[in-house]
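Dear colleague,

Please find below the structure that I am handing over to you. My findings follow directly after it.

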Amino acid sequence: MMTETTFDRSRRLVRPIRLLVIVGLGLITMVLAGCASQGIEQSRYTLPSEVKDVDVAGNFRGSVWLAPPNMASYLKDGGIVMQLGELRIHQARHHLWAEPLARQLQERMRRHLAQALPNAEVLLRGQPAAAPSPALHVQLDVDRFQGRDDGMAVVSGEWRIRDDQDRTLSRESFKIARPLEDDGYPALVRALGAAWKTLGDRLAETLAEVEVKTETH
């Protein structure tokens, strides 16, 4: 027959056993979660670095200073962005930019403009220039640089071109869409690079036109 003393002793034994079971289950869960996270490798991407088939846009002979692009806040994180419908944005956790996107865009645009305007000195803002005036300053604002669920890569925003007196010579919005040639993030990165190249073509043409206008005044 179980006395009250025996019951209390059994109850005291059960509590540690339950605690050990709970702790053990918690440790197993943590180990499994760690294994799952280790099993998903991160992939990192850079935009295409080689600039091909760039047409000469004009005979601009001054300096062009290219500022770092102003990026929408959701584009400043490391994950490649997908737009799902009109309202939803998904940022990848395992498909990341290898270096800050703004830095990649600035450097790719500098290379593109240097080829499209071979007689100009195209510099990143802050670099010293040896070329004579006129000097033009370019600011790019990027509000979309992402894939869409309809299989398109989209780049949109606005540029502003100023002279040394901070007078605005050109201010235009841009929106460029390019289809993905295949499924997956590598195809998306290539399509985004192609869209950025198209923007470079348009910007180089505008810089050449602005320079002609400043010379005629």
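The notes below go from the overall fold to the strands, the salt bridges and the surface.

This is a predicted model, in which local features need pLDDT of at least 70 and side-chain atom pairs count only at pLDDT 80 or more, while totals for chains, interfaces and linings use all residues. Residues are numbered from 1 along each chain as its sequence is written, and side-chain values use heavy atoms, with hydrogens and water left out.

Overall architecture

The protein chain contains 3 helices and 9 strands; helices (H or I, at least four residues) and strands (E, at least two) are DSSP runs, numbered from the N terminus. Read from the N terminus, the order of elements is α-β-β-β-β-β-α-β-β-β-β-α. Of the 217 residues in the protein chain, 36% are buried. Here buried means under 20% relative accessible area, exposed means over 50%, and partly exposed lies in between (1.4 Å probe, protein chains only). The areas themselves come from the Shrake-Rupley method with a 1.4 Å probe, and for residues only the protein chains shown count as cover.

Strand β2 covers residues 63–66. S63 and W65 point one way from β2, V64 and L66 point the other way, and all are buried. Two strands are taken to pair if DSSP finds at least two bridges between them. On that basis, β2 runs parallel to strand β6 (residues 121–124), joined to β6 by 4 bridges. Within this pairing, S63 has E121 of β6 as its bridge partner. β2 also pairs with strand β7 (residues 135–148), again in the parallel sense and over 4 bridges. There, the bridge partner of V64 is L136 in β7.

The β8–β9 hairpin

β8 and β9 pair in the antiparallel sense over 11 bridges, and V155 stands opposite I176 in β9. The hairpin of these two strands has 5 residues between them. D166 is found in this loop, between β8 (152–162) and β9 (168–179). The phi of D166 is near 65°, a positive value in a residue other than glycine. For context, most residues other than glycine have a negative phi.

D166 also takes part in salt bridges, defined as a side-chain nitrogen of Lys or Arg within 4 Å of a carboxyl oxygen of Asp or Glu. With R162, the closest N and O atoms are 2.7 Å apart; with R160, the N to O distance is 3.7 Å. How accessible is D166? D166 counts as partly exposed because its relative accessibility is 44%. R160 is partly exposed as well, with a relative accessible area of 23%, and R162 counts as partly exposed at 21%.

Other salt bridges

The structure holds 10 salt bridges. One of the pairs is R148 with D150, whose side chains meet at 2.8 Å, N to O. R148 counts as partly exposed at 22% relative accessibility, and D150 counts as partly exposed at 47%.

Surface charge and the helices

D53, D55, E172, E205 and E209 gather in a patch of negative charge on the surface. Patches are made of residues with over 30% relative accessible area and no salt bridge, with like charges joined within 9 Å and nonpolar side chains (Val, Leu, Ile, Met, Phe, Trp, Tyr) within 5 Å. Lys and Arg count as positive and Asp and Glu as negative, whereas His and the chain ends are not counted. The place of a charge is taken as NZ of Lys, CZ of Arg, CG of Asp or CD of Glu.

Q115 is found in helix α2 (residues 101–116) and counts as partly exposed at 38% relative accessibility. Q115 and K52 are 63 residues apart in sequence, with a C-alpha to C-alpha distance of 9.4 Å.

With kind regards
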